[in-house]
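Subject: Handover of a structure and notes on it

Dear colleague,

Please find the structure below, together with its sequence. My notes on it follow directly after.

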Amino acid sequence: MRAFLLDQIDRLRDHLAAQRSLFTPQFAAGSSELSWLPLSHNTPSAAIERPLLATYPAKQFFFPDREILFQFDGADFKETLPKPAPQILFGVRSCDLCAIAYQDQFFQQDPYYQARRKATLLVGIDCQLPCEGGFCPTVDAGPFVRDGMADLVCHQQGGRWLLISQTSEGEALLDGLNLKAAAEGSISQRSRQEPQVAAQFPSAAHIETGIQRINQTQVPAELWQAMGLQCLSCSGCTNLCPTCSCFTSYDRPVDNGFERERCWDSCLYDAFQREASGHNPSAAAGQRVERFWFHKFSDEYFKTFGRYGCTGCGRCEKTCPGVIGVHSVMKRISAIL
Amino acid sequence: MNGLMTPQLIRITEIYDDGEASRHFTFEPVSGIRHSARPGQFFTLAIPGHGEAAFTYLSLPDAQGRFKALIRKVGSLTSALFQCNHGDLIGFRGPFGNSWPLEQLKDRRVLIIAGGIGLPPLAAVINQLSTKESTPVGLIYGSRSPADQVLKQERLAWHTCMPILETFDHPSSRQQLTGTPLDHIQQMTAKLGGSPEAVLACGPEVMMNAAAQHFIQNGLPPEEIWLALERRMHCGVGECGHCYLGSSTVCADGPIYSWQQLIRLQSQTTA
């Protein structure tokens with residue numbers, strides 16, 4: 001790990017964009033939505049300096065909402081692995097980086113995910129202020145970028161930036177920038193600063209209590225069922241969740257044959273588990289809502305992944321039309337006793 | 001060589017009707033690539049344009065790589081499969097999942113309980129156990145009616161080397177046993193020469209759960225009761241999420257679980 005000084009973050013961004021395709025959260029013309037878009041030059045970096053989270057996490061770069069798995073040409077099955085051009089994701093927040101690390105483990109054996117992931121370098125950014133609805137410190141997913149989660153990390157220090165390389169690939173990207181090494185102690189100064197930023201987040205006691213009660217199965221089935229009634233099965237939460245990974249697949253006719261496409265699915269759909277026989281192990285909406293939160297907060301998954309399946313981004317709360325996003329659910333669970 | 005998600009071609013070499021809306025299929029490899037599998041594992045069949053679904057090995061791949069499946073027509077993919085003829089090429093992926101605990105069953109008195117279309121997932125393990133003299137094994141096979149029974153040829157062979165009771169919800173003659181497999185456990189225990197020391201079951205979950213509870217009440221340890229579960233399996237490699245059971249995915253960690261494991265998984269959630 002080495003640290004450099006950087007006067008302007010745009011200089012780094014443009015330097016990287018000259019080497020590979022670069023995507024970064026931007027407001028598209030006329031839109032108030034912060035989206036992952038290819039860099040258009042002279043875009044101001046306002047979205048980088050404010051603690052704003054892109055509407056969508058970065059998972060679509062590695063696990064796209066739709067992708068072709070193979071083709072059948074009438075004679076044989078042909079695997080269609082993606083061949084992505086080298087790319088950089090610039091300005092990834094710590095919560096989303098933790099989610100990428102989680103999916104890196106989950107999709108370890110998946111050649112489609114891995115092909116996209118291996119073509120990508122990650123430039124993370126430390127959040128200096130809480131974002132709306134975010135609670136990353138509670139689930140050890142921020143506000144500063146964790147070790148080993150990005151190739152480069154940008155950290156604002158006073159009016160300047162500290163640029164930390166976490167991988168040799170990341171450091172190689174800096175060739176030609178002629179950056180000065182940061183003063184000794186800048187990295188430890190950053191470490192000391194993190195608890196101060198974390199302390200500015202609103203209380204997340206309801207999240208902590210909720211995690212405990214989910215793991216002790218103390219949430220009554222009736223409460224899950226009541227929350228299930230509020231689930232519209234819209235899949236907003238599962239689409240926006242940076243760690244959600246369920247998919248389904250179907251065959252689509254093309255010239256001279258068929259192709260198999262996989263697309264995001266949602267464990268909150270009523271037929272998600274329905275079998276050919278009609279048997280459905282999760283026919284009740286309450287079971288499905290419980291399943292979703294079990295998957296996010298169970299210690300069973302923590303054991304496997306070294307972290308919870310929730311990285312505290314708060315997107316589910318913002319998008320849920322039924323008011324059963326993470327804060328609403330955990331507040332109700334923490335109020336039961 | 002295709003990866004985990006892409007099927008390889010296999011050829012259908014034999015088809016015959018075997019029970020209500022059910023057919024016996026034999027497959028052989030096309031590319032010459034043979035695979036091996038263990039009793040209880042499963043594979044997927046893909047029919048271009050109709051998708052893909054999971055099926056169990058009725059017989060494991062032989063030296064030429066040929067294997068069999070018993071398939072009931074229940075949906076669009078199996079309807080398309082029933083339109084196929086000898087020589088047709090379709091897609092295959094596998095083998096997937098875990099297998100019956102053969103090592104643990106050595107020298108045990110084993111009772112096998114099958115309900116309806118739950119018999120085929122037990123066939124490969126019955127074939128292996130019924131030929132071992134050291135393992136006394138008996139089968140109780142429950143069906144709705146005689147017309148619903150499957151695996152006629154296999155059952156004829158098994159009758160020659162092991163005790164089998166066939167039970168019916170709706171028998172067609174007075175000689176046939178009426179009721180569920182659970183109603184006839186005493187009779188099988190007598191034939192086996194003692195209470196079972198291990199139980200394997202596959203069938204409707206209600207039946208399997210009732211069987212497990214019966215043997216638990218009779219003192220059989222939960223780690224000696226094994227159930228093969230049905231869940232919706234798409235990918236076979238624990239990724240797509242459809243076959244979750246608590247923190248486990250049935251396609252990768254199952255489909256066979258001990259009652260001990262199932263109790264633990266079921267206790268993880270409340271609803």
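Pro25(A) is buried, because 24 other C-beta atoms lie within 10 Å; a residue counts as buried if 20 or more other C-beta atoms lie within 10 Å of its own, as exposed if 12 or fewer do, and as partly exposed in between, with C-beta atoms placed from the backbone. Pro25(A) belongs to strand 2 (residues 21-27) of chain A. Between the C-alpha atoms of Pro25(A) and Ser277(A) the distance is 45 Å, and 252 residues separate the two in sequence.

The model is a predicted one: local features need pLDDT of at least 70 and side-chain atom pairs count only at pLDDT 80 or more, while totals for chains, interfaces and linings use all residues. Residues are numbered from 1 along each chain as its sequence is written, and chains are lettered from A and ligands numbered from 1 in the order in which they are written.

Chain A

Strand 2 of chain A runs parallel to strand 6 (residues 87-93) of chain A and is joined to it by three bridges. Helices (H or I, at least four residues) and strands (E, at least two) are DSSP runs numbered from the N terminus, and two strands pair if DSSP finds at least two bridges between them. Ser21(A) has Gln87(A) as its bridge partner in strand 6 of chain A.

An open sheet of eight strands in chain A has the order 3-2-6-7-8-9-1-10, with mixed pairing. Its edges are strand 3 (34-38) and strand 10 (180-181) of chain A; each has a single partner strand, so one side of each is left without a neighbour in the sheet.

In helix 1 (residues 9-17) of chain A, the residues Ile9(A), Leu12(A), Arg13(A) and Leu16(A) are buried. They lie on the same side of helix 1 of chain A because they cover an arc of only 100° around the axis, the arc being that of the directions from the helix axis to the C-beta atoms. An α-helix has 3.6 residues a turn, so residues three or four places apart point the same way.

Chain B

Strand 7 (residues 110-115) of chain B is mostly covered, with six of its six residues buried. Val110(B), Ile112(B) and Ala114(B) are buried on one side, and Leu111(B), Ile113(B) and Gly115(B) on the other. Strand 7 of chain B is parallel to strand 8 (residues 137-143) of chain B, and six bridges join them; there, Gly115(B) has Gly142(B) as its bridge partner. Strand 7 of chain B also pairs in the parallel sense with strand 11 (residues 198-202) of chain B, over five bridges, and Ile112(B) stands opposite Leu200(B) in that strand.

A further open sheet in chain B has six strands in the order 4-3-6-1-2-5, with antiparallel pairing. Strand 4 (51-56) and strand 5 (67-72) of chain B are at its edges with a single partner strand each, so one side of each is left without a neighbour in the sheet.

Where the chains meet

How many residues does the contact take from chain A and from chain B? Chain A gives 43 residues and chain B gives 31 residues, two residues being in contact if their C-beta atoms, placed from the backbone, lie within 7 Å. On the side of chain A that touches chain B, strand 11 (247-254) of chain A gives the most, with six residues.
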